[in-house]
Amino acid sequence: MTALDQLTVRVGPGITGLVGANGAGKSTLIKILLGLLTPTSGRAAVLGLNSDRDGERIRAGCGYMPEHDCLPPDVTATEFVTHLGRMSGLPPTAAKERAAESLRHVGLYEERYRQIGTYSTGMKQRVKLAQALVGDPQLLLLDEPTIGLDPAGRAAMLDLVSRIGAEFGISILVSSHLLGEIEQICDHLLAIDGGRLLRSDSMASFTQVSQVLLVEVDEGTALLEAELAARGLRPWRDERALLVQIGSGETYDLVRDAVADLDLPLNRLEQRRRRVEELFRDGADQEDRVEQEGEA
Amino acid sequence: MSTQSGPPATRTGVIHDIGYRHYQGPRLGRAAIIRALGWHSLRSAFGIGRGAKAKIIPVIAFAIMCVPAVVNTVGVAGGGAQSVHYDTYVFQLRVLVMIIFVAAQAPELVSRDLRSHVLPLYFSRPLRRLDYPAAKLGAFLLACLALLEIPLLLLYLGEIGQVGGGAAIWAQTRALIPGLLVGLAWAVLLASIGLALASLSGRRAYATGSIAICFFLSWALAGLLRGVTSQNGLGAGAGARLSGLVSPFTVLDGLRQWLGGTSPGPLPRPGDFGVLYGIMFLLMLAAALGGLAARYRKAGIS
């Protein structure tokens, strides 16, 4: 089975988002970076070390938060994080101190003396983050840290990740299948699909691509599509509506004028963020569009 | 942090965020991490650091294992002869206690981590794949050794406390050493098989069950085979002498007798077949260790 195919990418310090649909190869990429999987061809360098040969040294400088549940229910968070601190190579006393500190940084105070089995999903996610943080890594690899959380929990987790990146000076690679979610906190974004790189870009240029305008008319969709194309936009269909890339403020005016001139019954006009799946579906197509707009 | 403005009464309970501090201290290498994991596992093999319930089986097993040594000491003090031998101890009791201890505690070391999917957290740290099972095996080996050898040492102390003269003490010591080696062989084989079987299942009950069934059935089968082959009027014929090859316990005893153990065991003396017991011991050990290594080489990170 091929999970990653011909992926070449370079990521600098700061917070990097890794987006892709489920099964796109996000977790596989993270495992290769940790030296836990060996790529059949090619190589990965992390912190300047080769993931094939120096897996141990890479792992000494990395903290990893897996996607799935990985906590024993019958120990306290303090015991668990302390033990994993030891496993990161900290001496006993240092492990205790760092465990208490990491748990405090992720927002677990008195609860940390309770057994993990009694925790809510949000608290469990925080323990998972704390165990990744306990060894004071240079790089954190977070695999879907917001999975299973409610909206408030997601916001809190993202805020925490963003703080760790900004204030703690730790570089972060954070994966998610929701672009809308991690784009708020990332400096750089990687999009992969089917194991291939779709885009690797700074956040600013990514957001530009992801802004679209949705136009829905009760009738005459085809007519409007032709009219918009004639006015220099490149609309595409999304079920009953039309989507238009938002290039600049003029896009709104063009759409409004086109609808008004054709005298069509406008049903809906909304600014939308392209879902990441859409970005995947016509990724190549989209790239083409952006280039053309750049030239125009 | 000296710029406190509000009245102190409203500030109680506020934890000041002193910010993130990077760790500047020493970092231990891989060997030290393996030792730490081994120590952690050894403690958990006796339920230390866990609830009272986790300590019940190890403590009872250890206490029962020590009873013959105490009884022997009391008997010798009353003028009796030594009734418990160093190289066999009390064979049936030893089998029973070791089955219970291994079946109950091997899953404690490995099945819990499988159950709660903790392994990725170990494998994403500066350890190699096989360091984890190696640390677990080392810990469990020590735990089994404690259970097998401490009663022997008690037996020895009870004896030398009551015999007089250097020659008698020397004789006791010479008898003890093969006993300790037999205990070592037991610990190595049983710990390996126990952990290999336990590592197959994340469910404690299944792991415990599979170990208990495997040990009990093979032990019963060895007894059955011996009975059947002896009833044919062959006495201690080839069949009876080979019957022990099916169970780890009888293999251990065959190995002991082949290597010169003199006390009567559950098997007829294997005689020329002794070497087969040596080979079987190595085969069983290799299978258990190979299985354990394969399990953790394959065990996914996810």
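This is a predicted model: local features need pLDDT of at least 70, side-chain atom pairs count only at pLDDT 80 or more; totals for chains, interfaces and linings use all residues.
## Overall architecture of chain A

Chain A contains twelve helices and twelve strands. Its domain assignment gives two parts, domain 1 covering 15-203 and domain 2 covering 207-295. The centres of domain 1 and domain 2 of chain A, taken over C-alpha atoms, are separated by 37 Å.

Chain A has 296 residues, and 43% of them count as buried. Among the contacts in chain A with a separation of 6 or more, 70% are between residues 24 or more positions apart.

## The sheet of chain A

Six strands of chain A form an open sheet with mixed pairing, in the order β4-β5-β6-β1-β7-β8. Its edge strands are β4 (62-65) and β8 (196-202) of chain A, each of which pairs on one side only. From one strand to the next, the twist averages 15 degrees. In general, the strands of a sheet pair through backbone hydrogen bonds, either parallel or antiparallel.

Two of the pairings can be followed in detail. Strand β1 (residues 15-19) and strand β6 (residues 171-176) of chain A run parallel and are joined by five bridges. Within β6(A), A:S176 is the bridge partner of A:V19. Strands β4(A) and β5(A) also run parallel, with four bridges between them; here A:L142 in β5(A) is the bridge partner of A:M65.

Helix α6 (residues 151-167) of chain A lies across β1, β5 and β6 of chain A, and runs at about 155 degrees to β6(A). A:E167 is found in this helix. A:E167 counts as exposed because it has 12 C-beta neighbours inside 10 Å. The C-alpha atom of A:E167 is separated by 13 Å from that of A:V106, which is 61 residues apart along the chain.

## Nonpolar cores

In soluble globular proteins, nonpolar side chains tend to be buried together. In this model the largest nonpolar core has 131 residues, and those with the most contacts inside it are A:L141, B:F140 and B:L195. Leaving aside neighbours within four places in sequence, A:L141 is in contact with A:I30, A:L33, A:L34, A:C62, A:Y64 and A:L173.

A second, separate core has eleven residues, including A:V212, A:V215, A:L228 and A:L242.

## Overall architecture of chain B

Chain B has eleven helices and zero strands. Its radius of gyration is 25 Å, well over the 19 Å given by the globule rule for 302 residues, so chain B is more spread out than a compact globule. Along its principal axes, the C-alpha trace of chain B spans about 95 × 50 × 30 Å.

Of the 302 residues of chain B, 39% count as buried. Among contacts in chain B between residues at least 6 apart in sequence, those joining residues at least 24 apart make up 73%.

## Helix α10 of chain B

Helix α10 (residues 248-258) of chain B is largely enclosed by the rest of the structure, because ten of its eleven residues are buried. Among the buried residues are B:P248, B:F249, B:V251, B:L252 and B:L255, and also B:D253 and B:R256. Just after α10(B), B:G260 takes a positive phi of about 110 degrees.

## The contact between the chains

The contact takes 30 residues from chain A and 26 residues from chain B. On the side of chain B that touches chain A, α2 (30-45) and α5 (119-123) of chain B each supply at least two residues. The largest share of that side, five residues, comes from α2(B).

Key. Residues are numbered from 1 along each chain as its sequence is written. Chains are lettered from A and ligands numbered from 1 in the order in which they are written. Domain bounds come from an automatic or database domain assignment. The radius of gyration is taken over C-alpha atoms; the globule rule is 2.2 Å times the number of residues to the power 0.38. A residue is buried if 20 or more other C-beta atoms lie within 10 Å of its own, exposed if 12 or fewer, and partly exposed in between; C-beta atoms are placed from the backbone. Two residues are in contact if their C-beta atoms, placed from the backbone, lie within 7 Å. A nonpolar core is a set of buried Ala, Val, Leu, Ile, Met, Phe, Trp, Tyr and Cys residues joined through C-beta atoms within 7 Å. Two strands pair if DSSP finds at least two bridges between them. Axes are lines fitted to C-alpha atoms, for helices over the stretch in contact, and angles run from 0 to 180 degrees between N-to-C directions.
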